[in-house]
Amino acid sequence: WLSYDHDMNGVIDKHEFCEPGALGDSLAQANYGYEKPPPLSDLSLWFDYHDRDRSGSLDREEVVAALCQTPPFDQLGAETVRETVYVNWLSYDHDMNGVIDKHEFCEPGALGDSLAQANYGYEKPPPLSDLSLWFDYHDRDRSGSLDREEVVAALCQTPSFDQLGAEAIRGIVYVNWLSYDHDMNGVIDKREFCEPGALGDSLVAITGQQSRRHPQADSS
């Protein structure tokens with residue numbers, strides 16, 4: 001206790017718990033591998049989870065170890081993963097310092113994006129109830145927007161829409177598109193999707209209607 005309760009007042013405040021090298025870090029280190037890692041679709045959380053030493057960066061071997069726990073890379077074997085990481089490293093380590101920091105990992109077109117592209121479809125998509133995360137997961141090209149066909153493809157993986165079939169979903173999306181694409185540029189950006197009363201809210205409302213129509217399917 002006294003290793004972390006620096007002011008020796010018998011309690012540990014949030015700063016003493018969360019700062020690098022503090023009690024929270026020690027507990028997270030001991031916990032690593034005992035809980036399910038976060039999905040690669042949440043790049044920031046994935047990076048933080050696998051940055052075990054809290055250095056703010058990942059080296060090649062840390063990325064290899066992390067990918068060995070991440071679908072579909074976990075099916076490839078450590079040596080194949082290692083070779084892939086080493087061969088492609090300099091394409092992403094722009095300052096060539098041997099590590100990739102969080103900015104280099106998370107920015108559009110960076111290593112995280114490339115890994116997320118390969119990972120798409122291998123992990124369970126986030127629920128539509130989390131509009132921001134759902135949008136980011138299905139924005140595969142990281143353009144910051146979804147066109148009609150991207151929304152159709154996303155809904156085909158989303159309960160309760162996945163029961164309707166692609167053509168029925170396509171009809172719904174195309175008929176209602178201009179009600180939500182306010183600037184009529186053919187895509188819906190994250191704000192147009194997530195703001196109150198926008199497309200995201202309407203899709204959530206539809207899933208609620210579907211659930212009420214098929215209560216037994218939801219409980220099975």
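User: Hi! How many disulfides does a search of the whole structure find?

Analyst: Hello! The search finds zero disulfides. Keep in mind as we chat that this is a predicted model.

User: Got it. Let's switch to salt bridges. How many are there?

Analyst: The count comes to seven salt bridges. As background, side chains of opposite charge can pair when their charged atoms come close.

User: Can you show me one? Which residue does Asp 48 pair with?

Analyst: Asp 48 forms a salt bridge with Lys 102, and their closest N and O atoms are 2.9 Å apart. This pair links distant parts of the chain, with Asp 48 in helix 3 and Lys 102 in helix 6 (residues 102-106), 54 residues apart.

User: And how accessible are those two, Asp 48 and Lys 102?

Analyst: Asp 48 is partly exposed, at 33% relative accessible area. Lys 102 is partly exposed too, at 27%.

User: Which residue does Arg 82 form a salt bridge with?

Analyst: That would be Glu 79, where the closest N and O atoms are 2.7 Å apart. Arg 82 and Glu 79 both sit in helix 5, three residues apart, which is about one turn of the helix.

User: Why does Glu 79 count as exposed?

Analyst: Glu 79 has 57% relative accessibility, and exposed means over 50%.

User: Where do the partners Glu 149 and Arg 170 lie?

Analyst: First, the pair itself: the side chains of Glu 149 and Arg 170 meet in a salt bridge, 2.9 Å from N to O. Glu 149 is in helix 9 (residues 148-155) and Arg 170 is in helix 10 (residues 166-176), so the pair links distant parts of the chain, 21 residues apart. Salt bridges that share partners also join Glu 61, Glu 79 and Arg 82 into one network.

User: Nice. New topic: which residues touch the most other members in the largest nonpolar core?

Analyst: That core has 19 residues, and the ones touching the most other members are Leu 40, Trp 46, Leu 67, Val 85, Phe 105 and Leu 115. Helix 3 (43-50), helix 4 (60-67), helix 5 and helix 7 (111-119) each supply at least two residues. The largest share, four residues, comes from helix 4.

User: What is Leu 115 in contact with, leaving aside its neighbours within four places in sequence?

Analyst: With those set aside, Leu 115 is in contact with Leu 40, Leu 67, Phe 73 and Phe 105. There is also a second, separate core of 18 residues, which includes Leu 131, Trp 134, Phe 135 and Leu 155.

User: Now for Ser 57. Where is it found, and is it buried or exposed?

Analyst: Ser 57 is in strand 1 (residues 57-59). Ser 57 is buried, because its relative accessible area is 12% and the buried class is under 20%. Apart from neighbours within four places in sequence, Ser 57 is in contact with Phe 47, Asp 51, Glu 62, Val 99, Ile 100 and Asp 101.

User: Asp 51 is in that list. Where is Asp 51 found?

Analyst: Asp 51 lies in the loop between helix 3 and strand 1. Asp 51 is buried, with a relative accessible area of 4%. Not counting residues up to four places away in sequence, Asp 51 touches Gly 56, Ser 57 and Leu 58. Its C-alpha atom is separated by 9.7 Å from that of Asp 101, which is 50 residues apart from Asp 51 along the chain.

User: Last one: which residues make the nonpolar surface patch?

Analyst: Trp 1, Leu 2 and Met 8 make that patch, which is about 420 Å². Trp 1 belongs to the segment before helix 1 (14-18), and Trp 1 is exposed, with a relative accessible area of 56%.

Technical notes
Residues are numbered from 1 along each chain as its sequence is written. This is a predicted model: local features need pLDDT of at least 70, side-chain atom pairs count only at pLDDT 80 or more; totals for chains, interfaces and linings use all residues. Side-chain values use heavy atoms; hydrogens and water are left out. Buried means under 20% relative accessible area, exposed over 50%, partly exposed in between (1.4 Å probe, protein chains only). Contact means heavy atoms within 4.5 Å. Patches are made of residues with over 30% relative accessible area and no salt bridge: like charges are joined within 9 Å, nonpolar side chains (Val, Leu, Ile, Met, Phe, Trp, Tyr) within 5 Å. Accessible areas come from the Shrake-Rupley method with a 1.4 Å probe; for residues, only the protein chains shown count as cover. A salt bridge is a side-chain nitrogen of Lys or Arg within 4 Å of a carboxyl oxygen of Asp or Glu. A disulfide is a pair of cysteine sulfur atoms within 2.5 Å. A nonpolar core is a set of buried Ala, Val, Leu, Ile, Met, Phe, Trp, Tyr and Cys residues joined through side-chain atoms within 4.5 Å.
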